[in-house]
Amino acid sequence: MSSTNKPMDLLNQSREKRVLIRLRGNRRMRGILKSYDIHLNLTLTDAEEIGDEGSNKLGEVIVRGDNVIMVSPPPQ
Amino acid sequence: MSSTNKPMDLLNQSREKRVLIRLRGNRRMRGILKSYDIHLNLTLTDAEEIGDEGSNKLGEVIVRGDNVIMVSPPPQ
Amino acid sequence: MSSTNKPMDLLNQSREKRVLIRLRGNRRMRGILKSYDIHLNLTLTDAEEIGDEGSNKLGEVIVRGDNVIMVSPPPQ
Amino acid sequence: MSSTNKPMDLLNQSREKRVLIRLRGNRRMRGILKSYDIHLNLTLTDAEEIGDEGSNKLGEVIVRGDNVIMVSPPPQ
Amino acid sequence: MSSTNKPMDLLNQSREKRVLIRLRGNRRMRGILKSYDIHLNLTLTDAEEIGDEGSNKLGEVIVRGDNVIMVSPPPQ
Amino acid sequence: MSSTNKPMDLLNQSREKRVLIRLRGNRRMRGILKSYDIHLNLTLTDAEEIGDEGSNKLGEVIVRGDNVIMVSPPPQ
Amino acid sequence: MSSTNKPMDLLNQSREKRVLIRLRGNRRMRGILKSYDIHLNLTLTDAEEIGDEGSNKLGEVIVRGDNVIMVSPPPQ
């Protein structure tokens, strides 16, 4: 059984872990989730944009939540 | 007669079941619904993106509700 | 004279009836309206997507209201 | 001088009258305005979609307000 | 010096005057401003749509504010 | 050190000055900022649209804030 | 361990530093972050737009938050 009761709980469990993020406009990013809020505003460290021709280092980044389509924590 | 009185009740009945989700931008996903909130933010496990050339495993995922067009529970 | 005073009243009168729904992105659906809320989130049973080359069975479905353009109840 | 003080007053004066509606995505509709609310959600009877190659009968319809660009009451 | 302190004051000064309106989707309109509210919902009389090949009479019209890009009062 | 503490303070310091505005849909405008509110609704006088083939006089104008991408005050 | 608890904290730590901003519509900007609010409205000084063919000086600028996709502080 799951102990997750609300979508935000999954984000809470993913703090300090490397997550995959899909953004509107066909962007994808990867990075270590440091913080989030209820709008799905996110901060990541060691972030990189993932494109068809490789990835682009971004370092630390704040992402505005309304661009987020989905967030995947790493497989456990 | 239906005992469903509000749209969210159908989501509640679909917890722990495999649902089909259509997202804006012609994306489709399938996965086991673990949690949701009133914005239709969703978490899924065993999730996969379904495309024209097969599906793509995502594992656990949180979907931001404003990308959701519709959610279908499995046939009973 | 009409006894309908607010747009939501028409939805209320359409419960348990087969409605036609137009969605953004040129989608059309048909199904039996089971529930709705003030955002026009809807649940349907026996739902089908209607396309140019025929229809696609969806069964039970929850539709997020902000994708809805219009809803037509059946002719009386 | 006008006795109309707020935009919604014009809608109120147009109840039970045939109005022309322009929607996003280049759609146009005509029908008898039965009800409205502050979001510009509307219900119409005897509604029809107006296209370049003629019109398409819709009967009774509820239109979600955020698709509405403008509403014109009939000339007096 | 200007005595206008808030954007809505300029609309108030433009009541009963012919204004030019730019809407999303490259639409332009002209008409006499009769009323407005804080969402920039507007009503116009003697309104016309202005296109590249001439103008199109609309008479009285209510415009939903979130389609408005800008409103210009007539030169004084 | 900066004495600006909130983004709106910069708008306040720009009143009665000529600002450059970028709008969605690749529009640019210039004019003297007369008023603003927290939604970034703006009024300008002596406004002009700036296009690739020259500029287009608009005179006085109210701009709906949700079309604004950025506002630049003049260099000091 | 991170002492950042909310996404806005990272913006707070980036004040007076040169940040990289990605905006909708494929725009990128760089500038010194002077202020921000919870909507991600930002003010920058010494700002420049970064395009494929070089950069374009903007000086001081206020950016409306709903155009922001992400903000990166400089590497530490």
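Copies of a chain are superposed here by least squares on the C-alpha atoms of residues with pLDDT of at least 70 in both. Two copies of a chain are related by a rotation about an axis and a shift along it. In this predicted model, local features need pLDDT of at least 70, side-chain atom pairs count only at pLDDT 80 or more, and totals for chains, interfaces and linings use all residues. Side-chain values use heavy atoms, without hydrogens and water, residues are numbered from 1 along each chain as its sequence is written, and chains are lettered from A and ligands numbered from 1 in the order in which they are written.

Contact means heavy atoms within 4.5 Å. Chain C is laid on chain D by a turn of 51° and a shift of 0.0 Å along the axis, again at an RMSD of 0.0 Å. Here 5% of the contact residues of chain C recur in chain D, and the copies use different surfaces. Chains C and E share no contact; their closest C-alpha atoms are 15 Å apart. Chains C and G share none either, with closest C-alpha atoms 19 Å apart.

Strands (E, at least two residues) are DSSP runs, numbered from the N terminus. Two strands pair if DSSP finds at least two bridges between them. In chain B, strand β1 (residues 18-23) is joined to β5(B) by 4 bridges, and the two run antiparallel. B:Leu23 has B:Val68 of β5(B) as its bridge partner. β5(B) also runs antiparallel to β4(C), through 2 bridges. There, B:Val71 stands opposite C:Ile62. Strand β5 (residues 68-72) of chain B is largely enclosed by the rest of the structure, because 5 of its 5 residues are buried. Buried means under 20% relative accessible area (1.4 Å probe, protein chains only).

In chain A, A:Ser72 lies in strand β5 (residues 68-72). Its relative accessibility is 6%, so A:Ser72 counts as buried.

How values were computed:
Buried < 20%, exposed > 50% of the residue type's maximum accessible area, 1.4 Å probe, protein only.
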